[in-house]
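Have a look at the loops as you read along.

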Amino acid sequence: MKTGVYGGSFDPIHAGHAAMARYVAENAGLDRVMMLVSPLNPLKTGAPPMFSDEERLSMAREAMKGTDRVEVSGFEMDLPRPSYTLQTLEALSMTFPDDDFSLVIGADNLLSFNRWKEPEKLLRRFGLIVYPRPGVDLTREMISDIENEYGSLGKIVYLADAPVTDISSTTLRRKLTEGSDLRGLIPEGALRVIKDSGRFQIRT
């Protein structure tokens, strides 16, 4: 089974995350997309997540409920922290030996790929499916240069024609504290989870 692993903090999950997961599931030649809710990104510093691990996992599951070939997983939450992508993918491969895993990332993350833990090993073993991001000008030449740098020709699939949505989780967290209307920005299932927490005023 060909499985794309789409990881993120999803703090909170928003319509752009959901659209990306659906598009990759339908257009990247995969059998499924595993949306992996991460406990901690080692490259991110600053304020802690607004929502707990359990809340973010619940929001993602409700947001993607009924979506064909997209499965939400908390697999990484049971791994040692901080969690590095290579270690997560290796653990997934051991747990699901019949799956052929690849990593789904945004184009902005590809530009900082050299900062990841053992990027050469990650790219050679698993490969990347790259989704475009607003404001990130990623060319075929740039992709070829990265593949050549790590000796991994053909290991990066760029979904250049995928639609992009310019939504920021940072902006949504601010809007949540302000009590703004988030309909259309956060999937309805996730909004219900946020509302049920009783911590924010949610318009529905």
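Where does R69 lie? We'll start there, after a word on the model.

1. Before anything else: this is a predicted model, where local features need pLDDT of at least 70, side-chain atom pairs count only at pLDDT 80 or more, and totals for chains, interfaces and linings use all residues. Residues are numbered from 1 along each chain as its sequence is written, and side-chain values use heavy atoms, with hydrogens and water left out.

2. R69 lies in the loop between α2 (53-64) and β3. Helices (H or I, at least four residues) and strands (E, at least two) are DSSP runs, numbered from the N terminus. The phi of R69 is near 65 degrees, which is positive, and R69 isn't a glycine. R69 is partly exposed, at a relative accessible area of 39%; the term covers what falls between buried (under 20%) and exposed (over 50%), using a 1.4 Å probe and protein chains only.

3. E118 is another non-glycine residue with a positive phi, near 50 degrees. Look for E118 in the loop between α4 (107-111) and α5 (119-126). Its relative accessibility is 41%, so E118 counts as partly exposed.

4. Now for the cis peptide bonds. One joins D11 and P12, with omega about 5 degrees. You'll find P12 in the loop between β1 (2-8) and α1 (15-27).

5. Which residue is joined to P82 by a cis peptide bond? That's R81, and omega there is about 0 degrees. P82 sits in the loop between β3 (70-73) and α3 (85-95).
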